[in-house]
Amino acid sequence: MAVPSHPVHIALLDDHPLFRQGLRFILQSLPYVAAIDEATTLPELRAICAQQLPDVLLLDMQMPVADGAEVAQQLLGQHPDLKIIVLSMFSADKYITQMMKLGVRSYLPKDVNQDELIQALEAVLTTGYHFTARISRALMRGLQQPSRPASAKLNEQEHFTPREQEVLRLICEGHKASDIAALLCISRRTVEGHWQKLLEKTGAPNVAGLVVFAVKHGLLEA
């Protein structure tokens with residue numbers, strides 16, 4: 001996994017001091033982390049963002065006043081480029097689906113180990129997202145419908161080549177570009193080209209959007 005080539009500013013929003021201290025201990029050991037700000041409420045976080053927008057926000061899903069979904073929706077409405085990683089005790093599909101559809105970059109359980117947290121952070125900083133098989137499964141289960149309306153059929157500009165369909169399926173299974181390149185015996189650059197084409201054709205803003213699109217249109221059905 002590539003590491004960020006520039007100093008990184010991280011913000012933490014969590015109302016449990018001990019948990020924030022644990023995160024800070026892990027993060028301050030990373031050579032590319034230049035600043036770590038902590039907030040216990042949304043107003044405190046807004047004040048941090050007003051001074052300098054963090055590169056990544058580690059967000060607790062359950063807050064005393066506003067829940068994580070409300071916080072994410074408000075912050076991304078003001079700062080659409082803010083990269084949010086959710087850390088949550090809630091693992092139900094509906095929570096993962098809700099947050100990924102709002103535009104967060106990853107969703108991790110709060111009992112995630114240190115290596116997985118760092119891997120997610122570095123992936124979000126270098127590729128824009130950290131898309132796990134757990135997230136993919138939650139999105140697919142959460143968005144599948146018992147019956148699919150005829151209006152969900154693809155239109156002309158959304159037609160995919162066979163190779164693009166292969167790449168899309170592997171993306172939705174949680175594979176990274178390097179993994180897809182190895183599986184399909186093509187270069188990573190070629191995979192990234194197909195990836196970009198898929199984003200353009202679907203209008204999806206991110207990988208979560210690609211999964212939403214694929215499920216709605218039945219592209220993952222056998």
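You are looking at a predicted model, in which local features need pLDDT of at least 70 and side-chain atom pairs count only at pLDDT 80 or more, while totals for chains, interfaces and linings use all residues. Residues are numbered from 1 along each chain as its sequence is written, and side-chain values use heavy atoms, with hydrogens and water left out.

**Stop 1: salt bridges**

At 38% relative accessibility, E192 is partly exposed, and so is R188, at 42%. Their side chains meet in a salt bridge, 3.0 Å from N to O; the term means a side-chain nitrogen of Lys or Arg within 4 Å of a carboxyl oxygen of Asp or Glu. Both sit in helix α9, and because they are four residues apart, about one helical turn separates them. Helices (H or I, at least four residues) and strands (E, at least two) are DSSP runs, numbered from the N terminus.

Next, select D14 and K110. What joins their side chains? A salt bridge, with 2.9 Å between N and O. This one ties together distant parts of the chain, 96 residues apart: D14 is in the loop between β1 (8-13) and α1 (17-27), and K110 is in the loop between β5 (106-109) and α5 (114-127). D14 is buried at 3% relative accessible area, and K110 is buried too, at 16%.

Now pick E164 and K201, whose closest N and O atoms are 2.8 Å apart in another salt bridge. Here the partners are 37 residues apart, with E164 in helix α7 (residues 162-172) and K201 in helix α9 (residues 188-202). E164 is buried at 5%, whereas K201 is partly exposed at 22%. A search of the whole structure finds eight salt bridges.

**Stop 2: helix α8 and the residue after it**

Select residues 177-184, which make up helix α8. Which of its residues are buried? A177, I180, A181 and L184 are. The buried residues pack against α7 and α9.

Step on to C185, which follows α8 and lies in the loop between α8 and α9. C185 has a positive phi of about 60° although it is not a glycine. At 72% relative accessibility, C185 is exposed.

**Stop 3: the largest pocket**

Pockets here come from a 1 Å grid over the protein atoms alone: each is an open set of points with protein on both sides within 12 Å along at least five of seven lines, and lining residues have an atom within 4 Å of a point. The largest pocket holds about 690 Å³ of space, a volume being the space filled by probe spheres set on the points. Elements giving two or more residues to its lining are α4 (93-102), α5, α8, α9 and α10 (207-216).

Color the lining by type and you get 16 nonpolar, eleven polar and six charged residues. Ala, Val, Leu, Ile, Met, Phe, Trp, Tyr, Cys and Pro count as nonpolar, Asp, Glu, Lys and Arg as charged, and the others, Gly among them, as polar.

Zoom in on Y129, in the loop between α5 and α6. Y129 is buried, at 17%. Leaving aside neighbours within four places in sequence, Y129 is in contact (heavy atoms within 4.5 Å) with R105, A123, V124, W195 and V207. The C-alpha atoms of Y129 and V207 are 7.6 Å apart, although 78 residues separate the two along the chain.

**Stop 4: the second largest pocket**

Finally, center on Y107, L108, P109, V112 and R134, which lie nearest the centre of the second largest pocket, lined by 17 residues. β5, α5 and α6 (133-143) each give two or more residues to the lining, and β5 supplies the largest share, three residues. This pocket has about 270 Å³ of space, and its lining divides into eight nonpolar, five polar and four charged residues.

How values were computed. Buried means under 20% relative accessible area, exposed over 50%, partly exposed in between (1.4 Å probe, protein chains only). On a 1 Å grid over the protein atoms alone, a cavity is a set of points where a 1.4 Å probe fits but cannot get out, and a pocket is an open set with protein on both sides within 12 Å along at least five of seven lines; lining residues have an atom within 4 Å of a point.
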